[in-house]
Amino acid sequence: MLLVLLLLAGSVAYAAPVPAEFIGHVIAADFRGGSQVVIADLNKDGRPDIIALASGKDELIWFENPSWKRNVIAGDLRRMSNVAARDIDGDGVPELVLAHEFDDRTANSLGIISVLKHDGDPRQLWKAIEIDRIPSSHRLRWADLFGNGSKSLVNAPLIGPKPDGKTSLVHYKPGVWMRQAIPEQSEGAVRGIYITDWDGDGREDILTAGYTGIHVFRVGKDGAWTRTELAPLPSAAIAAGWLGVKSSATRFLAALGTQVFVLRQDSKGKWLQQIVDDTYLDGGAILTADINGDGSDEIIAGYAGQSRGVNIYYLTGNRTWTKYPVDAGGIAAADCSVADLNADGKPDMACIGSATANLKWYENKGPKK
């Protein structure tokens with residue numbers, strides 16, 4: 001059962017928002033087992049392109065904005081699980097780090113991590129170089145862990161190699177690619193991660209979502225890592241957002257599993273929750289963004305199973321979130337990303353479907369009149 005939970009404590013100044021109107025456009029319909037969509041400018045034309053990843057394909061593919069022409073990045077890549085994009089060498093085109101040969105059973109998972117780089121023309125096949133192997137490598141993200149402006153690659157395997165229930169996150173310095181283990185281990189599977197400067201100290205931290213709850217991993221100035229529980233709520237994906245103007249904004253967390261949670265802290269630092277929506281099953285994507293330009297973030301939730309589709313939740317009262325469907329039944333949304341895809345100054349969305357095998361972008365037409 002899908003739930004959306006919100007912390008009851010605190011007071012947020014708000015004006016009833018005007019929902020944005022979206023028009024859906026199909027980019028492709030052959031991505032069986034679609035699992036991730038990444039937005040990045042791959043051809044240096046200033047327009048964000050779309051990278052699509054699916055378990056039913058052995059090719060990593062990108063679509064060129066605005067024609068959405070299909071280009072193959074690399075082939076013979078089986079059981080891809082995640083990709084992260086960042087320009088490492090400064091040539092204006094991001095390198096891609098890919099986790100592939102994934103299986104949720106470590107004995108059957110090679111967990112290959114490869115760096116893919118274009119060879120002069122990003123529309124031609126890219127060169128792939130293997131840098132590591134960790135069974136069940138699952139989620140890849142870039143993070144400025146040490147606050148020095150240099151981002152490291154974070155690799156969060158789904159589960160650990162031993163039957164002790166421990167799962168270790170690791171990170172890599174670009175170019176060196178030497179595996180560095182984070183000594184604080186997770187208990188049980190790590191389903192999702194989210195990067196943010198959680199405590200405002202200038203260093204980005206790692207939020208994890210798993211069967212044992214939501215935790216934050218932080219490294220101090222002395223290089224020591226800590227792991228702190230935020231909420232003992234099973235979840236598969238998380239995102240942080242802000243309500244109100246930034247100078248006096250209230251932070252919240254949105255988390256997705258078989259339930260979706262939204263959490264805010266009370267005056268004593270305790271995380272509490274409120275049910276907002278309990279009518280959906282099998283969530284696939286959760287993210288936050290200021291969709292209608294009112295200064296507060298909305299919640300975007302994609303549903304991959306029963307009642308498939310994409311909804312946006314707007315805060316319409318201090319304790320009330322109101323649902324507005326963007327796509328009701330047209331996509332089994334396993335993942336979504338937000339960016340201004342048509343350069344009109346408004347955030348659009350791109351989502352990929354698992355059972356529906358489709359890739360769509362949703363054009364933000366602005367608040368409804």
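A cavity, as I use the word here, is a set of grid points where a 1.4 Å probe fits but cannot get out. I worked from a predicted model.

**Entry 1. Enclosed space**

I searched the whole structure for cavities of 30 Å³ or more and found 1. The largest cavity has a volume of about 40 Å³. I then looked up its lining, which consists of Ser186, Glu187, Ala189, Val190, Thr208, Ala209, Gly210, Thr212, Gly213, His215 and Arg227. Which strands supply at least two residues each to this lining? I noted strand E15 (186-187), strand E17 (205-210) and strand E18 (213-219). E17 gives the largest share, 3 residues. Sorted by class, the lining of the largest cavity holds 6 polar, 3 nonpolar and 2 charged residues.

I went on to the second largest pocket, where the space comes to about 230 Å³. It is lined by 15 residues, and those closest to its centre are Ile134, Gly160, Pro161, Ser168 and Gln185. In the lining of this pocket I counted 7 nonpolar residues, 4 polar ones and 4 charged ones.

**Entry 2. The sheet around E21**

I followed the strand order of an open sheet and wrote down E20-E21-E22-E23, 4 strands with antiparallel pairing. Which strands stand at the edges? They are E20 and strand E23 (271-273), each of which pairs on one side only. From one strand to the next the twist averages 30°.

I took the pairings one at a time. Strand E20 (residues 237-243) runs antiparallel to E21, and 7 bridges join the two. Ala237 has Leu256 of E21 as its bridge partner. E21 also pairs with strand E22 (residues 260-265), again in the antiparallel sense, over 4 bridges. Here Ala254 stands opposite Val262 in E22. E22 and E23 run antiparallel and are joined by 3 bridges. The partner of Leu263 in E23 is Gln273.

I also checked how covered strand E21 (residues 250-256) is. Of its 7 residues, 5 are buried, so I call the strand mostly covered.

**Entry 3. Salt bridges around Asp103**

I counted 21 salt bridges. One of them joins Asp103 to Arg79, with the closest N and O atoms 3.5 Å apart. Why does this pair tie together separate parts of the chain? Asp103 lies in the loop between strand E7 (95-100) and strand E8 (112-117), and Arg79 lies in the loop between strand E5 (69-74) and strand E6 (82-86), so the parts tied together are 24 residues apart in sequence.

I looked up the exposure of both ends. Asp103 has a relative accessible area of 11% and is buried. Since buried means under 20%, Arg79, at 34% relative accessibility, counts as partly exposed. The pair belongs to a network of salt bridges that links Asp76, Arg78, Arg79, Glu101, Asp103 and Arg105.

**Entry 4. Salt bridges of Lys117**

Lys117 has a salt bridge to Asp91, at 3.6 Å from N to O. This pair links distant parts of the chain, 26 residues apart: Lys117 is in strand E8 and Asp91 is in the loop between E6 and E7. Lys117 also forms a salt bridge with Glu95, where the closest N and O atoms are 3.2 Å apart. That pair too links distant parts, as Glu95 is in strand E7, 22 residues from Lys117 in strand E8.

Is Glu95 buried or exposed? Glu95 counts as buried, at 3% relative accessibility. Lys117 counts as partly exposed at 31%, and Asp91 counts as partly exposed at 23%.

**Entry 5. Pro122**

I found Pro122 in the loop between E8 and strand E9 (127-133). Pro122 is buried, with a relative accessible area of 9%. I also took a distance from Pro122 to Leu281, which is 159 residues away along the chain. Their C-alpha atoms are separated by 39 Å.

How values were computed:
Residues are numbered from 1 along each chain as its sequence is written. This is a predicted model: local features need pLDDT of at least 70, side-chain atom pairs count only at pLDDT 80 or more; totals for chains, interfaces and linings use all residues. Side-chain values use heavy atoms; hydrogens and water are left out. Buried means under 20% relative accessible area, exposed over 50%, partly exposed in between (1.4 Å probe, protein chains only). Two strands pair if DSSP finds at least two bridges between them. On a 1 Å grid over the protein atoms alone, a cavity is a set of points where a 1.4 Å probe fits but cannot get out, and a pocket is an open set with protein on both sides within 12 Å along at least five of seven lines; lining residues have an atom within 4 Å of a point. Grid points are joined across faces, edges and corners, and a volume is the space filled by probe spheres set on the points. Ala, Val, Leu, Ile, Met, Phe, Trp, Tyr, Cys and Pro count as nonpolar, Asp, Glu, Lys and Arg as charged, and the others, Gly among them, as polar. A salt bridge is a side-chain nitrogen of Lys or Arg within 4 Å of a carboxyl oxygen of Asp or Glu. Axes are lines fitted to C-alpha atoms, for helices over the stretch in contact, and angles run from 0 to 180 degrees between N-to-C directions.
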